[in-house]
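Me: I have a structure open and some quick questions. Can you walk me through it?
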Amino acid sequence: MTATIAPTSTTRLTGLQPTGGLHLGNLLGGIRPLVESQYDGPAIAMIADLHALTMEHDPAKVRVASLELAAVLLAAGVDPEHTALIANSQIPEHSELHYLLECVANYGEVARMIQFKEKSGSGPVRLSLLTYPVLMAADILLYDIAFVPVGEDQNQHLELARTIATRFNARYGPTFRVPEGVRPENAARVMDLAEPTRKMSKSNPSAAGRIGLLDPPEVVRRTIARAVTDNVGEVRDDPENQPGISNLLGILAACTDSRPREFTSYGELKREVTDAVEALLAPIRARYAALSADPGHLRSILAEGKAKVRPTASETVRRTRAALGLLD
Ligand code: TYM
């Protein structure tokens, strides 16, 4: 029998969308901070496959990308003996709590989310794209989560989760723990290497400035070698005037967990960044190859994760339904 997750004041959860093309920003902003603190208390690593349906998607690709993400998370150090690896679609309480929280969230506060505005640019907009942050709040509030390691781009969504929890508790009585975001000290916002004033993102049609977690070493080296810099000629951490160089320094600091030394040339900095990124990615690549070859094993780890967290999820939904006045 699988042990269940017993939430404590240190329970952590992070989630990632299985939309393919995982990059260095995802690793440094979300995955690594969870992995590094996973033994501080109970932890959950979540595949947000429900979130992947908020934009046009190919069903077969979502399925493949979900297993790929499971393999990447394990390859990056998620320890399934300790940390529950789950997919939010496989645990129906996520959808149930999502609806219940929609009855507490306001239209205006979700419509002003930056990511909604960015992604709802053209064509028909799925209603789920609008309500997506409420589902994210459900993912978190379902498990009495204390800490949510995420990159800076999720700040607004996390704030909404806190607002919803606080409002619910005030209106219907203490029901949810109000979670806190955890931002990595460095690289909370990894920028695109080719356009260092925009964040590294899966949705950028150009991959020129993105370092994929499974990119071969020569691609990583080339991408960093071609990273856009400036004409200043000095290596300084000055995001305003030297965004490219500052980004490289941030990546180096995050990869090595230390303050970068002095550099006398951009070339020297780029070589050191390449080595640091490669040191991080090489073992992930190797473990990924073995893990992805056995989808049955990945599925059984997801099933174990589900069994571990489900009792907490159903207890939270029970509590929420009761607080809202629904019949049991
Ligand atoms: P997603 O899939 O867009 O991103 C996954 C994680 O990667 C971080 N990230 C970055 N960090 C630093 N620099 C970047 N350039 C960068 N790009 C992405 C994100 O901040 C995130 O931590 N809505 C979430 C998924 C989600 C979730 C949750 C997260 C669903 N439910 C509950 C936490 C808790 C998302 O779309 O992340």
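This is a predicted model: local features need pLDDT of at least 70, side-chain atom pairs count only at pLDDT 80 or more; totals for chains, interfaces and linings use all residues.

Me: What about Gln-154 and the ligand?
Reply: An N or O atom in the Gln-154 side chain is 3.3 Å from a ligand nitrogen.

Me: And which part of Val-190 comes in, backbone or side chain?
Reply: Backbone. An N or O atom there lies 2.8 Å from a nitrogen atom of the ligand.

Me: How much of the ligand does the protein cover?
Reply: The protein covers 96% of it. On its own, the ligand has 710 Å² of accessible area.

Me: Which elements give two or more residues to the shell?
Reply: β1 (12–16), α1 (24–36) and α6 (127–141).

Me: How many residues are around the ligand, and which are closest?
Reply: There are 27. The closest are Tyr-132, Asp-139, Gly-151, Asp-153 and Val-190.

Me: Which way do the β3 residues point?
Reply: Thr-83, Leu-85 and Ala-87 go one way. Ala-84 and Ile-86 go the other way. Both groups are buried.

Me: How does β2 run relative to β3, parallel or antiparallel?
Reply: Parallel, with 5 bridges joining them. One of the pairs is Met-46 with Ile-86 of β3.

Me: Now α3. Which of its residues are buried?
Reply: Glu-93, His-94, Leu-97, His-98, Leu-100 and Leu-101. These buried residues pack against β2, β3, α6, α7 (155–172) and α11 (295–324).

Me: Loops next. Where is Leu-50, and what does Leu-50 touch?
Reply: Leu-50 sits in the loop between β2 (43–47) and α2 (59–75). Leaving out residues up to four places away in sequence, Leu-50 touches Asn-88, Ser-89, His-94, Ser-95 and Leu-135.

Me: Where's Gln-38, and what are its contacts?
Reply: Gln-38 is in the loop between α1 and β2. Again setting aside residues up to four places away, Gln-38 touches Ala-43, Gly-77, Val-78, Asp-79, His-82 and Thr-83.

Me: Why does Gln-38 count as buried?
Reply: Because its relative accessibility is 2%, and buried means under 20%.

Me: And Ser-120, buried or exposed?
Reply: Buried, because its relative accessible area is 19%, and the cut-off is under 20%. Ser-120 is in the loop between α5 (114–119) and α6. Its side chain reaches the backbone oxygen of Phe-116 at 2.6 Å. Beyond neighbours within four places in sequence, Ser-120 contacts Val-125 and Leu-129.

Me: Last one. What is the phi of Asp-144?
Reply: Near 50 degrees, a positive value in a residue other than glycine. Asp-144 lies in the loop between α6 and β4 (147–149). Asp-144 is buried, at 16% relative accessible area.

Me: What about the phi of Ala-187?
Reply: Positive too, about 60 degrees, and Ala-187 is not a glycine. Ala-187 is in the loop between β5 (180–182) and α8 (217–225). Its relative accessible area is 13%, so Ala-187 is buried.

Methods
Residues are numbered from 1 along each chain as its sequence is written. Side-chain values use heavy atoms; hydrogens and water are left out. Helices (H or I, at least four residues) and strands (E, at least two) are DSSP runs, numbered from the N terminus. Contact means heavy atoms within 4.5 Å. A residue is near a molecule or strand if one of its heavy atoms lies within 4 Å of it. A polar contact is a pair of N or O atoms within 3.5 Å; within protein, one must be able to donate a hydrogen and the other to accept it, and residues adjacent in sequence count only if both atoms are side-chain atoms. Accessible areas come from the Shrake-Rupley method with a 1.4 Å probe; for residues, only the protein chains shown count as cover. Buried means under 20% relative accessible area, exposed over 50%, partly exposed in between (1.4 Å probe, protein chains only). Two strands pair if DSSP finds at least two bridges between them.
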